[in-house]
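Let us walk through this protein one piece at a time. Keep the structure open while you read.

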Amino acid sequence: MVRTTLSAAEARRIALGAQGFAAPRPATVGTRSLNTVVHRLGLLQIDSVNVFERSHYLPLFARLGAYDRSALDRLTMTSRGPYVEYWAHEAAFVPRADLPLYRWRMDAYRERDAGPTRATGVERTASVRRELLALLRAEGPMPASAVEHESNVRRGPWWGWSDVKTGLEQLFRWGDVVSAGRAGFERVYALPEQVLPPGFLETAPDRHTAITELVRRAARAVGVGTRADIADHHRLRADDTAAAIAELVDRGELVPVEVAGWRDRAWMHVDARLPRRIDADALLSPFDPVVWFRRRAERMFGFHYRIEIYTPAPRRVFGYYVLPVLQDDRLAGRVDLKSDRQRGVLRVRTAWQEPGGQLDAERLAEALRRAAAWQGLDGIEVTDRGSAASAVAGALGVPLVPHVSADDTDAAEPAPEPTAD
């Protein structure tokens, strides 16, 4: 496909097609289908919040429908699976073969942490890091909880960090230790030689080559996007991204395009396709690549989205764990979901139609039924909050449940994973 101008609708369809929403859902979902989606996206962002379902499971459900989550666990959570964890976008599962592409980032983190603003903290944990490396060498892979004990944990309002955890995270950022999967969703740390082929990270390309390859993969994943869109996929610097884009244009792999209504220049991957239509009904994770870069979501879909997990309950507008609702090529609404596993109920705590848009409540109701079944929940409950709550309850054939303000506290629900910083 070679085009120099696109309408906003065409850009949406190209982007959603690149993200896998133009493909029909398979009749059965096996390992091949899971691998196809992950490789199309390039990574799965990890987040610890489990109020509805952990984030990395949701992009596959949105594109494939119901699948066996244990099958994804076997691919991502074990030390010998085809995926490994690193700071790619945020904390993310990436193909194990791609880990050398981030070697330059490991070196950059090491250099940054040795700088004047961080050196004191790094020096403070130097002896801990030496002990941790010796322990991993002697006893093999282990999570931080196997080393921490009550006397060395400093507890804060969001995350309990100790010198042990800090030291492990420093070593992980630098590539001195790597992920050996997760146990009970806790990251397991290992020396590289314990889980990777000998000298695996030393096969890394130079920084320029690695970044150019990451930009190429990001451009393929977004389909069409601005420099900022492409850079955000792997959290790259703007100048590095611009240089890589120019090189890929010269190679004929990216095509400059103008998108109606977009202020900034955009580029389209040469293999991108323009679907005639998008037939999608999906609930998107807050960390789905379609919406994780909020500026892109607003530009492409007119969808202003801010996750409100960190917002005190009285100040939340839409809810605690709000999922955008994709219907065809539009983000038509949003729902705040909670899997009440004790009661066996999927709770729709708020349901909203986008202003000026059209949300098909019947289609959303069917998507909610699929989500409840996938979660192993028998019923769906709709609270009377949100502009679409009544319509969604009617489509489901259930009565509206009065909102109780205490339900907004979410005191027992964890905060998202800490960032690399």
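A residue is buried when its relative accessible area is under 20%, exposed when it is over 50%, and partly exposed in between, using a 1.4 Å probe and protein chains only. Helices (H or I, at least four residues) and strands (E, at least two) are DSSP runs, numbered from the N terminus. This is a predicted model, in which local features need pLDDT of at least 70, side-chain atom pairs count only at pLDDT 80 or more, and totals for chains, interfaces and linings use all residues. Residues are numbered from 1 along each chain as its sequence is written, and side-chain values use heavy atoms, with hydrogens and water left out.

Start with helix H4, residues 69-76. Its buried residues are Ala 71, Leu 72, Leu 75 and Thr 76. They sit on the same side of H4, because they cover an arc of only 125° around the axis. That arc is taken from the directions from the helix axis to the C-beta atoms. An α-helix has 3.6 residues a turn, so residues three or four places apart point the same way. What do the buried residues of H4 pack against? Their partners are H2, strand E2 (44-45), helix H3 (58-64), strand E3 (83-87), strand E4 (91-95) and strand E8 (178-183).

Now take H2, residues 31-41. The axes of H2 and H4 come within 10 Å and cross at roughly 60°. In H2, Thr 31, Leu 34 and Asn 35 meet Ala 71, Leu 72 and Leu 75 of H4. The residues of this contact divide into four nonpolar, two polar and no charged. Contact here means heavy atoms within 4.5 Å.

Strand E2 holds Gln 45. Is Gln 45 buried or exposed? Gln 45 is buried, with a relative accessible area of 8%. Leaving aside neighbours within four places in sequence, its contacts include His 56, Glu 90, Phe 287 and Trp 292.

Next, look at some loops. Pro 198 is in the loop between helix H9 (192-195) and helix H10 (207-222). It counts as exposed, at 81% relative accessibility.

Arg 235 lies between helix H11 (227-233) and helix H12 (238-251), also in a loop. Arg 235 is not a glycine, yet it has a positive phi of about 55°. At 35% relative accessibility, Arg 235 is partly exposed.

Definitions and conventions. Axes fitted to C-alpha atoms, helices over the stretch in contact; angles between N-to-C directions. Nonpolar A, V, L, I, M, F, W, Y, C, P; charged D, E, K, R; others polar.
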